[in-house]
Amino acid sequence: MAELDERDAVQLHQEDVDIKGVANIHDTNDLQAVKNEAHTEGDAKPSTTTIERHISIQSQLEVLEQLVDLNGAGRKSCPLCPEEKFKACYSHKLRRHLHNLHWKVYVEFEGQRMCICHLPCRNLKPSPGGDQTSGRHVAHYHCVVCSSTIARKTDMISHLKRHVNKGETEASYSGNWEMLCDEPAQSGQAYEIMKELGTNVQLLPNHTTPQKSDTYFNRKMKSNRQLVFCALAVLAEERNPVECLDAFGATGIMGLQWAKHLRATVRVTISDISETCVKMIRENCQLNSIRVGGASPGAAGPEELAAGEGDAIATVEVAKMDANVMMHLRSFDYIHLDPFGTTVNYLDAAFRNVRNMGIVSVTSTDTGSLYSKSPNVTLRHYGCHIVRTEYYRELAARMVVATVARAAARCNKGMEVLLAVALEHFVLVVVRVLRGPTQADEAAKRLRQLIHCQWCEERVFLKRGSLVDDTSQLPCHCHGSMPGKTAVELGPLWSGPLFNTGFLRRMLFAAVQHSMEDIQALVKTLICESDCTTLKSFAHGPSALANQVECGVVIKTLERAEDSGAGDQPGKRKTGEESGSIVKKLKSEASLEHPAFYYSIHRHSIKGLNMPKLNKFLQYLTEAGFRVSRTHFDPTGVRTDATLEQFKAVLTKYSVPSYAGNASAGHQGGPATENPA
């Protein structure tokens, strides 16, 4: 009897397997038929299928209730809650649950209600013991614009306000289910499509978390990408073509923007060590109709580098390789380093093979160590001792430039700083490389220690050959009137200029030419800061640009060849009497370099006095005979060659007593008209 039961069980199991196999065959045929039909329709017209909204985003309660058949009999589960949180129940109880728990707890945007969702769309929240397996899922909302998940209602409201301020809509993030990817994205979601500067890139849903995604993308770095683009555009005017490298491609958006807008003037190479990033870069190239060239470490052939006919508008070489290995194997005219964190591990390789008069741009995002929040990490990475000051952003920029100068000097190369920008999220430094030990020695002489007063925050660079504890160079008198040691030694830091006016003017012309309105105001501020002036009259045309001399070298600009002199050959180093005259000219203009550091008008305001408006105060300093300008490092900062004592004297002279002070004085000593004050 037992043998018969066993035979029946085996037979029933075999029948189930056969039935499932037939069903799978039918499902496979149906799926193939659907794909063929979709492919046929795609040939007829371009596909416009976008990512479907999450089921928690509905416009009416009836639509939310239609997700479950509430009219049928039996128990039913909630479509927005897992089984372990809300068990299956009857229709009347489920309708009350959907209305009270989901529909009423919502965030509304443009007629759409984002109801609260309890499904496991997000990662598990760890338990107090740190065990993620025993954690719990967190309730959250799904953004109707970008499909991101946010836990708090107030955070979702702020998130939507940022979309409104940026002018972003749901169409900006729409993607196609049948994109160029061979496998679905992580967490079961489709790729998102983002467009910046006319370039489309697809992003993973977790692209904002670099710890969980290889293809990290930060929308806040848009200004950084545009500044780097303008610097490359200026270099493309000097030499053609420009061999440029984006050493940390990630999504590849920066290299794709170079290739798409600069076309045949650049030969772009995008490298990344991650296989996921390399795959996505290739897909983004196809998304922008850009041909993918060879990925070998050797030089590519001319047929691969030339712009293709037909649909391909440019060619980009994509390589899966470590950044240090790539920069050791090949020479480039332009190298951009933007790792996640510090760049000190890649500077030696970058300066090893970069060509003469080439450009190296460095983006550092380790703001914790740059802005004096982790002094031990700062000393370990940059070899500098710094403290938190009012001018901490310029201090960070000069520290990065000093590190770049030491790396270039180790390769017997000097450098000239073209641009140094320190904003909230990053520090960008762009330098021009000058080969030769003489240039390296000149750059090394610019590295000095900084004496900083901890009482009044006056600062001055220590002169070469001075004693280490020589605080008499400080213009303030705190070391004589205060007990103990009042000054601290910081550095070594870069003591030279942080900007090149001619290069910045050509960057402004490139920004106007490529319609980059976001950074035009920033570049104008940098030009004023470089000249230490408040004048804001700029000409964008080619007639306003003349041949630029950098370190004794004539740089080719947009001016016509016949307008320039016969002796001014672009890219050729001057010799003899011409070279000597250039050196004398540079020495004579050394005094015209912009002053180091700045003062914050709010930091040094006098209590009980109302300060003048910042623009008015700049005018007062100019009338007093000082050079003055605003600075991008601090919106309340003033860059001037005046000492702190002179700065405070002018500020006190044009400050008026506050109303509260007059009222209290009049109440204590009689009417305000009778008060001598």
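## Two cis prolines

Pro 492 sits in strand S18, which covers residues 487-494. (Strands here are DSSP runs of E with at least two residues, helices are runs of H or I with at least four, and both are numbered from the N terminus.) A cis peptide bond links Gly 491 to Pro 492, with omega about 5 degrees. Another cis bond joins Asn 240 and Pro 241, and there omega is about 0 degrees. Pro 241 belongs to the loop between helix H5 (222-238) and strand S8 (242-246). For background, most peptide bonds are trans.

## What you're looking at

This is a predicted model, where local features need pLDDT of at least 70, side-chain atom pairs count only at pLDDT 80 or more, and totals for chains, interfaces and linings use all residues. Residues are numbered from 1 along each chain as its sequence is written, and side-chain values use heavy atoms, with hydrogens and water left out.

The pLDDT is the predictor's confidence in each residue, from 0 to 100. The protein chain has a mean of 77, and 70% of its residues reach 70 or more. Over residues 1-6 the pLDDT is below 50, and that stretch makes 0 contacts (heavy atoms within 4.5 Å) beyond near neighbours in sequence. Residues 295-310 are also below 50, but this stretch has 24 such contacts in the model.

## Lys 413 and its strands

Lys 413 is part of strand S14, residues 413-422. Is Lys 413 paired with an opposite charge, or without a salt bridge? Lys 413 is buried (under 20% relative accessible area; exposed is over 50%, partly exposed in between, with a 1.4 Å probe and protein chains only) and has no salt bridge. The nearest side chain of opposite charge, Asp 348, is 11 Å away. (Lys and Arg count as positive, Asp and Glu as negative; His and the chain ends are not counted.) Instead, the Lys 413 side chain reaches the backbone oxygen of Phe 351 at 2.5 Å and that of Val 354 at 3.3 Å.

S14 pairs with S15 in the antiparallel sense over 9 bridges; strands pair if DSSP finds at least two bridges between them. A hairpin of 4 residues joins the two. Strand S15 (427-435) has 8 of its 9 residues buried.

Met 357, in strand S13, has a positive phi of about 65 degrees, and Met 357 is buried at 9% relative accessible area. Glu 457 has phi near 65 degrees too, and is buried at 12%.

Conventions
Salt bridge = Lys/Arg side-chain N within 4 Å of Asp/Glu carboxyl O. Polar contact = N/O pair within 3.5 Å; in protein donor to acceptor, adjacent residues only side chain to side chain.
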